[in-house]
Structure formats: C-alpha cells, structure tokens
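Trainee: I would like to learn how to read a model like this one. Could you take me through it step by step?

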Amino acid sequence: MNINLIRLINKNDELLKGEDDLLLEDLSEQLLEEDISLVEGVIDSPVDVILVESDDVFEELKKHLKKLNKYIYLFTFCKGRSYAEALSIYNYLGKNGYHVLLDDDPLNALKGILPTYIDISRVKKSINGKTFGMFIPNEESSYEPKFDFGKMNKTFGISVIKIGKEELFKEFRKNKIGNPPHLLKLKKMAKNSKALNKSLYLYNAIKVFVDKYHLVGFTLDQKVIINELGVSPNLALSLFNEEGILAVSRNDLSSLLTSYLAYLMNSRIPFIVEPINSNYEEKILSLKCDYPPLNQVKSYEIANPHDQILEINCEINLGEASLLKIGSDVTHFYAIGAEIKQGKDNLIALYIDEIPLFSFIRDAAERQLVLVSQDISVQYSALLNYLDINK
C-alpha cells in the first residue's frame, strides 16, 4: 500500500516522509467497517497524506517538493492549527501541477478519494491488451492527427489494427444486413428502404472485422465511405455504440481512446459531439451528436436528408455531464464538468462554468469531443495522470 504520511512540524525541523503505522491502522479499521478497503484496487496508487501540525512550514515544504509523489490526493491539517498556512501550501502545490484534495480529516479525505482509485485501478487493468481498429487509414487525410502508435502502446498497453478500403468495400459488396438491434423498428422508421439497407450492409461489413480482430472500438474515415459508397456511416456507428463497441468517425483515435476510458470509468457509452457555436458570456456551447448510442437517448428518428443518405436526430437526457478529450499526443487531456440543457434544432446546449470556453475548444479540438452523461471529470483527470506517470 503506497500511502505516505508527511508530517510537517515546524520550519526548523526536518520534513519526515514515511508511513505512520498507527494512523494507517486506525484508518484501515474505520474504512473496513464501512466496506471500503485500503488494499484492493489501490495497492499501486501513489498517495501522499500531508498533515500540517503547525504554522511556518511553507518554506520547508518547498525545499522538499521533489521528494513528494507528483500526484498528492490527500492534504490535511490538524484542527486548531493555521488553516491559512494549509491553504497557502494547497494553492502552491496546485499551481505546480500537483493534484490535491484539501480536508481537515484524514479519514473523510480517504473515504472521498478511494472510489476514484478503485476506478483507476479497474480501468488500468481493463484497457491493457485491448485492440482498436482504424478503417481506411489515410496518412494524407486532414482528419487524421499524426499519432505515435508506439507511444500509445507503451502508455496504455493497447494495439491498433488498420483495415484498408479494399478489405472493407469487399465485405460491403456482399450485401449482408447482419442482425443489429431494433432491426424491425429501423425498417419502420426509415422511409427509404434502399438507404437503410446500404447502412446495414456497412454495419455488417464492419462487424466482420470487429469479430475477426476482437475489437473493443474502432474509428473510420467517413468522407471516403460517403464519396465512394454513397452511404453515411452514422447509423452503423450508432448501432455499434449501442452494442458497446465504441465507434467514432473522422479517423479520430484520440476521441476513440477517450471514449473507451470514459466508458470504463462509468460503464456508460459516451456521446461523440461536435461544437457548432458558442456563447462566451453565458458559457454555453452548442453541440450536435450525429451517431449516438440509441439506447441512451430520450428519443431518436431516422432522417433522410439526401438521396440514399440516412442521418439520426436524437434528444439527449438533460443533467450533469463531463466534456472530455485526450490530445493527439496522448499526454495532454481535457476534462471539465458541464450541464446538458435543452437546445434548438437538434443541438445540445452545454453549460460550462469551470474554465474559459473558447480556450477549451481551441486547445482540445480535433473537431470532436466526448460527452458523458455524468460528471466524472475529477476521476478522469486522476486516471490520465496516473497512467502517464506509470507508463
């Protein structure tokens, strides 16, 4: 159990770093009584518990900053001591890239953060060894960031299978529909049966490779599919997302990886959304969702805006959410809490209060973002930091 108690006594004494057996034993006993374990799921978690026992320790801490774990999740101060001193240290660590939870009770602090560690441990184990697919990879495509596949494998323990256009189109031309969810409902909703069949042919063609390579998710170049096959991949992508196979367009591996990690965090298939417009003063971002998981929306309809091209219009449940994204360099990430509100013209209105809206869009954009209908931004940030320092 990698939990360190850092006892800060005063500016003249040495900063002590090591386990305090009595404190940890006491915490373990109390946590076990409430069915929370310090061992299972957190055995590899880097945690420093800083206990401030007097004033005038700020300078002492800065001297020993390099000795601390990079990610400090528990920061406590003794009752009766200077809260201002503890707050100064807390703010300093935050500005220097440390992740800190401030509390005046070590037990409450641990109880609050342990669920995050359990999720992190589960996600880290679950993603290792998984395989993702990229259909119709195109090095010249403006949609495809230049990913370092070796770095992705080293950081996350995953592999990426590339499936070419000829392979996919060969399966498509076999004209097999497959057996997606709600097939009868789809046939009743779609006014153009030929367009529906073509969408289902594409679904089945992709399914062949999903089963062959045991893919947990995939991304594809929808521009080539629309131009050469005359079919939008949106319905096929929605059907896969509904089945729990993460599906993303635009050859966007960062959104795919973000989606999979978010799915492991809260067991819900996230929505892939695209920013349309924003109101900076009201901190509202308007989004559209072209291929949602159909079993997680209030309602949806199959639209036929162009000849043989089907699209999906949907209404997403309102409430708290997180907007997420991993950068194409696989080291930068963005996770902010948000609130889903009613939008207009099939758009999602997202209220964001934490950070400047335009800055987020500029820094996080590869056109698509990941929306989760639950606020998991804190856990998600912790997860990516943890993966990064343990790669």
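This is a predicted model: local features need pLDDT of at least 70, side-chain atom pairs count only at pLDDT 80 or more; totals for chains, interfaces and linings use all residues.

Trainee: How many helices and strands does the chain have?

Mentor: Start with the element count: here the chain has 13 helices and 17 strands. Then look at the contacts between residues at least 6 apart in sequence: 74% of them join residues at least 24 apart.

Trainee: What percentage of the residues is buried?

Mentor: Of the 391 residues in the chain, 52% are buried. For the surface, the chain exposes about 18000 Å², with 46% of that supplied by carbon and sulfur atoms.

Trainee: Now a single residue. Is Arg250 buried or exposed?

Mentor: Buried means under 20% relative accessible area. Arg250 has 11% relative accessibility, so Arg250 counts as buried. Arg250 sits in the loop between strand 9 (246-248) and helix 11 (253-266).

Trainee: Which side chain does the side chain of Arg250 join in a polar contact?

Mentor: That of Glu274, at 3.0 Å. Glu274 also takes us to the largest pocket, where Glu274 is one of the lining residues nearest the centre, along with Asn234, Lys288, Asp290 and Glu311.

Trainee: Which elements give two or more residues to the lining of the largest pocket?

Mentor: They are helix 9 (222-229), strand 10 (271-279) and strand 13 (309-315). Strand 13 gives the largest share, 5 residues.

Trainee: And how much space lies in the largest pocket?

Mentor: About 430 Å³. Its lining of 26 residues divides by class into 11 nonpolar, 8 polar and 7 charged.

Key: Residues are numbered from 1 along each chain as its sequence is written. Side-chain values use heavy atoms; hydrogens and water are left out. Helices (H or I, at least four residues) and strands (E, at least two) are DSSP runs, numbered from the N terminus. Buried means under 20% relative accessible area, exposed over 50%, partly exposed in between (1.4 Å probe, protein chains only). Contact means heavy atoms within 4.5 Å. Accessible areas come from the Shrake-Rupley method with a 1.4 Å probe; for residues, only the protein chains shown count as cover. A polar contact is a pair of N or O atoms within 3.5 Å; within protein, one must be able to donate a hydrogen and the other to accept it, and residues adjacent in sequence count only if both atoms are side-chain atoms. On a 1 Å grid over the protein atoms alone, a cavity is a set of points where a 1.4 Å probe fits but cannot get out, and a pocket is an open set with protein on both sides within 12 Å along at least five of seven lines; lining residues have an atom within 4 Å of a point. Grid points are joined across faces, edges and corners, and a volume is the space filled by probe spheres set on the points. Ala, Val, Leu, Ile, Met, Phe, Trp, Tyr, Cys and Pro count as nonpolar, Asp, Glu, Lys and Arg as charged, and the others, Gly among them, as polar.
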